[in-house]
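This briefing is meant to be read with the sequence and the coordinates open side by side.

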Amino acid sequence: MFKRLPEAGPTVPVTIDGRQFAARAGDSVAATLFAAGVKACRTTPVSGAARGPFCMMGVCFDCLVTIDGRPNQQGCLVPVREGMRIESQSGARIAVDAPPGQP
Amino acid sequence: MSLVATADVIVIGGGLHGCSAALHLARAGLSALVLEKNYVGRHASGVNAGGVRTLSRHEAEVPLSLAAMAMWHGIAELVDDDCGFETHGQIRVAENEDDAAALRQREARMRALGYTHERWIDRDELFARVPALARHCLGGLIAVDDGAALPYQTTAAFRRKAEALGQRFFEGVRAQRVQRTGDAWTVDTDRGSFAGRVLVNCAGAWADRICAQLGEPVPLEVIAPMMMVTLRMPRFLEPVVLGTARPLSFKQTQEDTVLIGGGRRARVERDAETTELDFRELAASAQTVWDLFPVMRAASVHRGWAGIEARMPDDIPVIGPSSTAPDAYHAFGFSAHGFELGPIVGRIMADLITTGRTELPIAPFAITRWNAAGDSP
Amino acid sequence: MNIASSCDVAVVGAGAAGLAAAAECARRGLSTVVFDEQQAAGGQIYRAITATPLKDRTVLGADYWHGEGLVGEFARAGATHVPGATVWAVTRSDDGFEIGVSHDGVAQLVQAKQVILATGALERPFPIPGWTLPGVMTAGAAQLLLKTSGLVPEGRVVLAGTGPLLYLVAAQLARVGGRIDCLLDTTPRGQWRSAAPYAVDFLRSPYLAKGLSILRDARRATRLVGGVQQLEALGGDSLQRVRFVAGGRSEELPVDLLLLHQGVVPNINLSNAIGCAQRWDEAQLAFVPVVDRWGASSVAGVTIAGDGAGIAGARAAEARGRLAGLHTVHMLGRLDAAARDRAAAPVRTELARFTRGRAFVDAMYRPAEAFRIPAGETIVCRCEEVTAQQVIDTVKLGCTGPNQMKSFLRCGMGPCQGRLCGLTVTELIARERQAPPGEVGHYRLRFPVKPITLGELAALPETDEGIKAVVRIGKAH
């Protein structure tokens with residue numbers, strides 16, 4: 001669906017549903033999914049329909065993914081980091097390894 | 001002021017209790033008109049936690065609550081709508097020995113009074129019923145026939161049924177002055193006046209104004225208990241869970257979102273009808289949930305709100321006839337736990353109006369329990 | 001980053017309006033903090049301006065690169081910029097306001113005496129059958145992917161809708177070698193007639209020349225189909241085809257990517273939740289906060305600038321940001337009214353220059369009712385998958401407004417909090433009830449306006465005792 005223009009810049013290794021991918025440093029998680037050829041990043045809790053990022057600016061919430069075990073993250077607002085684990089969400093997913101959170 | 005409509009009974013307030021009164025009056029053969037300043041179910045009735053609870057009620061409320069619960073278990077027949085009522089029990093959890101002692105004492109007290117609806121459960125049964133509960137809990141008090149319903153849908157259903165039986169609802173009509181002319185009541189509003197033989201005050205957080213006009217002031221406090229709801233989560237909870245020492249009401253809805261309440265208060269402006277959430281207070285509720293349900297730690301809180309409610313100093317409502325005026329009745333001040341009582345309170349109103357009495361013990365709810373100056377005795 | 005616990009003015013949004021407002025405040029000595037969700041300043045119009053991989057400036061054009069100067073001015077003014085920060089609440093406190101903000105997974109309450117909301121715009125919902133399929137996005141989203149990441153659509157690409165941004169995106173994509181199969185223009189035929197009364201202003205405005213050149217580039221880029229009256233996205237798990245009707249003829253195209261756009265509308269969730277009065281604007285077909293000529297809202301201490309106060313474009317947003325900043329400095333006693341007005345005079349001239357011609361644009365590209373008010377099984381609320389027919393049926397049951405509709409159908413109760421369905425639901429109810437949209441109203445929004453985790457909320461520091469308690473419990477688990 002999308003191709004990258006040249007002069008993209010340095011890459012950052014991430015995993016997408018367990019697959020290794022070289023993301024572009026500075027890209028959001030949602031942009032990274034498109035660059036990796038991923039169209040749908042979740043299924044809805046209501047009907048299980050497939051959805052992908054729609055607005056790329058944080059208003060549609062269709063780009064919700066699980067990032068490093070934290071669910072319901074807006075992928076278009078989170079920049080990729082080295083070693084980031086990106087996982088698609090099915091339904092009302094809560095990852096079992098959600099970290100305990102804040103001190 | 002021009003007369004808009006008349007009926008046997010004028011009900012001020014289109015919350016659940018007003019709609020329930022209208023419904024039961026229709027069943028008793030009396031016409032009623034309901035005056036509602038916003039829309040039916042706009043305030044506390046439409047936005048509460050939806051708890052349908054007999055568990056750990058004030059002793060005076062227990063007989064009413066049990067009678068109401070019997071009606072809840074046949075709600076679809078009463079209002080042609082299931083109101084989203086589901087019953088998986090309510091459990092008040094003990095986090096420590098003090099909690100446990102208090103709950104066991106409560107069980108003993110209820111049994112001494114002849115009630116068996118509340119039962120202490122030990123750790124094994126507690127965790128079998130609430131597997132997601134933190135393991136520091138010691139046990140709980142359960143009422144197995146309790147549950148929850150959808151507050152707005154319930155109020156709307158009572159209204160629809162009352163209307164189907166001929167009652168009239170006037171929304172966007174604000175009652176301003178009540179006065180007795182001869183044998184009748186006239187209520188002047190911002191949209192004309194209404195007349196009836198009997199007056200019923202179900203005006204919720206604004207009910208004290210009616211009382212003042214009737215010469216029987218009451219010490220009503222306006223409160224705004226806060227609620228939060230999360231995005232959907234995988235199903236992990238069936239019963240409604242309550243805290244003991246720490247206020248909490250916690251349930252997973254049929255949509256799998258999680259509702260967190262417990263009565264911490266927002267700032268409220270009664271006349272502007274606005275509330276302002278207090279996030280430090282909500283943080284305390286969140287901390288309680290954190291401690292009790294580890295699975296909730298990554299949950300997304302995505303809306304908070306507060307209903308505008310009336311609290312009486314002794315935390316029980318005013319139900320019964322006016323002490324100063326004939327043919328006037330009150331049902332208000334439900335102190336953040338009136339939802340479950342809705343079905344029975346309307347019946348009580350209808351009984352009082354048609355026969356002058358009710359078989360349920362309403363003496364503790366009399367408006368006369370405060371002296372004439374409006375202070376508690 | 002350690003966010004200071006208090007400031008004179010908190011600005012929400014680092015787009016054109018927010019940057020300009022903050023610069024005016026900081027320059028005059030106010031402690032100014034700008035919170036923005038994005039990783040860098042620029043908002044959406046100037047998105048990625050400090051880091052875009054598109055080094056050839058002719059691709060995005062001079063209008064975009066104007067933002068570079070504004071970002072530079074902001075950087076020198078002395079304000080604090082907190083990127084990656086989501087403001088989820090603004091409540092009143094003794095000394096002004098308490099801003100609930102999340103940053104790096106930690107929530108904090110920041111005190112501010114004055115607040116400037118510069119939350120900008122979002123694309124108007126475009127509810128067509130199949131618009132929720134993967135492979136369907138907004139045209140703005142494609143433009144953002146280009147700006148931020150140098151990603152260009154490939155495969156079979158169709159643009160559809162109306163409005164200047166649509167043609168701009170077509171032109172920009174063509175400049176980088178993106179192939180566009182066609183542009184389906186849903187501007188109703190003959191709509192220029194209702195825009196004609198505003199033509200004189202448009203001819204004298206900066207938008208005329210820009211508009212003509214963009215249209216020319218768009219026409220060169222692709223096949224343009226005008227007068228499109230029906231549009232459907234078709235596919236199973238993802239988009240496969242687009243079906244449209246134009247000039248009475250129906251056509252189907254295989255397609256991989258459908259980019260929709262029919263204008264932008266103010267992002268009002270935060271101002272609504274704060275309690276700022278709003279009104280229905282019939283020319284813009286959107287709810288707009290009620291503000292005075294400085295941007296002051298109905299809530300004392302809250303000023304609203306930019307597209308979030310009514311759509312007028314980036315240059316107008318910048319001017320209104322400056323006015324909001326000047327007003328805020330005056331409200332805090334650091335600038336008397338005369339000095340404020342003197343400083344504002346040239347800004348008002350700029351504002352007049354950049355609002356001239358907007359009425360024409362609004363009228364010319366007014367989205368057709370068929371594309372604003374869907375029917376049948378078309379999804380209206382994407383989050384809760386509520387259809388148009390369900391909304392219509394519920395109106396017939398006596399539900400008179402969006403807030404009751406929420407309780408009946410759950411529309412507006414999903415994560416986006418009505419951002420993508422609010423206008424559609426209001427207009428659906430309005431048409432069904434034959435009542436004006438202003439009377440029907442909009443969803444009543446509540447804090448938090450963006451979700452925060454229970455953990456973040458629980459850890460909000462309150463008192464020293466509260467902090468100690470949190471630390472103790474944190475260690476125990």
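The model is predicted, and the structure holds 70 salt bridges over all chains. Side chains of opposite charge can pair when their charged atoms come close.

**The two domains of chain B**

- The domain assignment of chain B gives domain 1, made of residues 3-50, 152-219 and 314-370, and domain 2, made of residues 90-144 and 225-306; the centres of domain 1 of chain B and domain 2 of chain B, taken over C-alpha atoms, are 31 Å apart.
- Where they touch, 13 residues from domain 1 of chain B and 9 residues from domain 2 of chain B take part in the contact.
- Between them, domain 1 of chain B and domain 2 of chain B bury about 840 Å², with 37% of that area on carbon and sulfur atoms.
- Of the area that domain 1 of chain B buries against domain 2 of chain B, 50% is supplied by Val47(B), Ala49(B) and Arg209(B), which is more than any other three residues supply.

**Polar and charged links between these domains**

- Between domain 1 of chain B and domain 2 of chain B there are 4 salt bridges, and 9 residue pairs are in polar contact, both residues being at pLDDT 80 or more.
- On the side of domain 1 of chain B that touches domain 2 of chain B, the residues divide into 5 nonpolar, 3 polar and 5 charged.
- Arg209(B) forms a salt bridge with Asp271(B), with the closest N and O atoms 2.8 Å apart.

**A salt bridge elsewhere in chain B**

- Arg197(B) and Asp327(B) form a salt bridge, their closest N and O atoms being 3.9 Å apart; the pair links distant parts of the chain, with Arg197(B) in strand E11 and Asp327(B) in the loop between strand E21 and strand E22, 130 residues apart.
- Arg197(B) counts as partly exposed at 37% relative accessibility, and Asp327(B) is partly exposed at 26%.

**Salt bridges in chain C**

- Arg27(C) forms a salt bridge with Glu73(C), the closest N and O atoms being 3.1 Å apart; this pair joins helix H1 of chain C, which holds Arg27(C), to helix H3 of chain C, which holds Glu73(C), across 46 residues.
- Arg27(C) counts as partly exposed at 43% relative accessibility, whereas Glu73(C), at 16%, counts as buried.
- Arg315(C) in helix H10 and Glu350(C) in helix H11 of chain C are 35 residues apart, and their side chains meet in a salt bridge at 3.8 Å, N to O.
- Arg315(C) counts as partly exposed at 26% relative accessibility, and Glu350(C) is partly exposed at 31%.
- Salt bridges that share partners join Glu24(C), Arg27(C), Arg28(C), Glu73(C), Glu318(C) and Arg322(C) into one network.

Conventions. Residues are numbered from 1 along each chain as its sequence is written. Chains are lettered from A and ligands numbered from 1 in the order in which they are written. Side-chain values use heavy atoms; hydrogens and water are left out. Domain bounds come from an automatic or database domain assignment. Contact means heavy atoms within 4.5 Å. Buried area is the accessible area (1.4 Å probe) that two parts lose on being put together, summed over both. A polar contact is a pair of N or O atoms within 3.5 Å; within protein, one must be able to donate a hydrogen and the other to accept it, and residues adjacent in sequence count only if both atoms are side-chain atoms. Ala, Val, Leu, Ile, Met, Phe, Trp, Tyr, Cys and Pro count as nonpolar, Asp, Glu, Lys and Arg as charged, and the others, Gly among them, as polar. Helices (H or I, at least four residues) and strands (E, at least two) are DSSP runs, numbered from the N terminus. Buried means under 20% relative accessible area, exposed over 50%, partly exposed in between (1.4 Å probe, protein chains only).
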